[in-house]
Amino acid sequence: MTGRMNRLLKGERKESLWFASGLFILAGIWQAMSLFFSPLVLPSPMETLESLLNLLTSGDSRRDFYVSAYRVLTALIAVIVVGTGIGVVSGFKPRLESLLKPVQDILIAIPPVALIMLVIFLFGSGSPQTIMVAGALVFPLIYGNTVAAVRTVDRDLLEMTGVFNVSGKVRLRDIYLPSVIFSSLPNILLAAGLMVRIVVMAEVIVGVTVGIGDALIIARVNLAAREIFAWMLVMVAVVLIIEGVLLYTIKKYLLRWQVQG
Amino acid sequence: MRAFIGSLNKRLYIGGAIIILLGWEVAARTIAPGTLPSLGETWNSLILVHENGKLWQHLPVSLARSLIGFGIGAAIGFIAGAPAAFNRHFYYLLKPLIGSLLSFPAVVVVMVGMVWFGMGSAVAIFITALFTFPLIYMSTVEGVRMMDAQLLEMAGVYRISKWNLWWNIYLPALTTALLSGFAFAAGTAFRKTVMAELLGSHDGVGYALAMTRFNLDTAELFAWVIVCLFVAAGIKLLLVMPVHKYLRLRNPPEGERSDWKNE
């Protein structure tokens with residue numbers, strides 16, 4: 001047992017060693033390339049970090065960050081409520097699913113920028129519009145997953161509840177709910193990572209007065225490449241924390257539960 | 001036809017689409033006349049962009065850009081993905097690069113691209129290639145990893161020749177991986193091109209979209225959105241569905257990967 005554990009740990013250590021060298025090489029290439037170009041075009045890693053520190057200490061930038069984070073959270077909560085709600089109903093009623101499929105298909109197929117333009121035309125620009133677009137673009141992901149989750153509920157378990165005359169309420173609470181939550185959690189994190197990127201894109205195109213998108217537009221007008229890079233680092237860090245760390249932890253936890261369950 | 005829409009009811013699907021169109025028409029006439037163009041106005045606008053040549057000026061440009069970007073990204077993704085699939089060390093070496101590419105917000109990369117290349121085709125092609133690359137890379141790695149372990153074991157037991165191994169096991173697995181990657185990434189490539197054009201180009205569908213905002217021409221905006229949807233449908237009909245059909249013949253059906261946007 002311990003031998004196996006040791007082997008496993010050794011393997012993991014070796015993997016992280018390769019991972020770290022990959023990161024190192026990447027930074028090295030970045031540094032090397034920045035020597036050939038002016039900092040206006042490609043700032044070096046150090047310059048970007050310096051700019052990142054400036055962002056973190058400046059009140060304006062922090063406000064931009066919080067406002068964008070607020071939009072991400074609002075849109076995410078709205079889309080989880082709406083997407084899961086409609087998704088559960090569609091899961092039970094295949095006809096509704098067919099009826100709603102064109103909406104889902106259109107939202108998947110439409111280029112996000114085209115949807116953003118539509119919303120600007122119809123509702124003007126501003127913060128609620130940004131939240132609306134972001135919610136609409138993430139909706140198919142949450143909705144589709146919920147439908148699939150309801151459909152793939154353990155058939156054997158359901159059959160057994162039929163045999164033992166389990167009430168509908170208990171069936172919903174003890175079988176459907178855990179199954180939907182189980183498969184939704186990783187998906188919600190995926191949606192959160194996606195949402196961060198979509199909200200910032202919507203901010204840039206819709207045109208808002210505060211937020212990361214606004215900071216990016218100003219940085220571009222000022223030709224401040226290092227600031228754009230610093231914001232990029234911020235967003236990559238946020239997305240990696242959501243998709244890498246949180247998703248990994250939850251998946252590991254869920255998998256453990258599944259094996260023991 | 002069942003393979004086409006799976007468990008879906010085709011009649012209800014068409015019904016849903018008709019309800020959307022009807023709702024649109026009603027809203028255009030009653031709730032927001034003047035803001036929301038009606039079906040007829042949108043159709044006229046579509047005919048207009050066809051007749052005045054705008055459609056045939058911008059659409060081929062966008063298609064060419066997404067094709068070139070897709071080609072470059074797919075080639076690099078495959079060249080990097082094949083060795084990474086067979087060698088775990090190489091896979092972990094590339095992981096930071098792929099991870100950060102996947103978490104890059106496209107719009108920020110477009111801005112960096114505009115600083116580097118100025119306005120024009122280069123930005124759109126660069127963005128498209130950059131975002132196609134990790135998708136093809138991942139599906140190549142996944143495809144090879146999912147290669148039938150039993151088949152490989154049997155090949156080992158019967159000591160089949162290297163050539164036989166490549167021709168009959170590795171090559172089909174790589175082809176499968178590549179095809180499913182193509183189907184997965186093609187739609188994304190077009191959407192990325194349009195986004196890059198909207199911000200950083202003087203032609204293409206994205207630029208045409210941006211111009212409608214400038215001219216406040218809502219009907220034309222809707223016409224371009226419909227063009228985009230037609231392109232997406234074309235990709236699905238001509239590439240995604242044949243590929244899925246072909247793959248299903250070779251492999252037992254598995255959970256379909258949901259096509260979510262990676263912005």
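Modeller: One term to settle before we start: a residue is called buried if 20 or more other C-beta atoms lie within 10 Å of its own. Please also keep in mind that this is a predicted model.
Biologist: Okay, so why does helix 7 of chain A lie largely in the open?
Modeller: Helix 7 of chain A, which covers residues 155-163, has nine residues and the number of them that are buried is zero, so this helix lies largely in the open.
Biologist: Switching to chain B, is B:Ile127 buried or exposed?
Modeller: B:Ile127, which sits in helix 7 of chain B, residues 121-145, is buried, because 30 other C-beta atoms lie within 10 Å.
Biologist: Which residues does B:Ile127 touch?
Modeller: Leaving aside residues up to four places away in sequence, B:Ile127 touches B:Ala106, B:Val109, B:Val110, B:Gly113, B:Lys192 and B:Ala196.
Biologist: Now the two chains, how many residues are in contact?
Modeller: On the chain A side there are 51 residues, and they are in contact with 49 residues of chain B.
Biologist: Which helix of chain A gives the most to that side?
Modeller: That is helix 4 of chain A, with eleven residues, and by class the side of chain A that touches chain B has 40 nonpolar, five polar and six charged residues.

Methods. Residues numbered from 1 in each chain as written. Chains lettered and ligands numbered in written order. Predicted model: local features only at pLDDT ≥ 70, side-chain atom pairs only at ≥ 80, totals over all residues. Helix = DSSP H or I, 4+ residues; strand = E, 2+ residues; numbered from the N terminus. Buried ≥ 20, exposed ≤ 12 C-beta atoms within 10 Å, placed from the backbone. Contact = placed C-beta atoms within 7 Å. Nonpolar A, V, L, I, M, F, W, Y, C, P; charged D, E, K, R; others polar.
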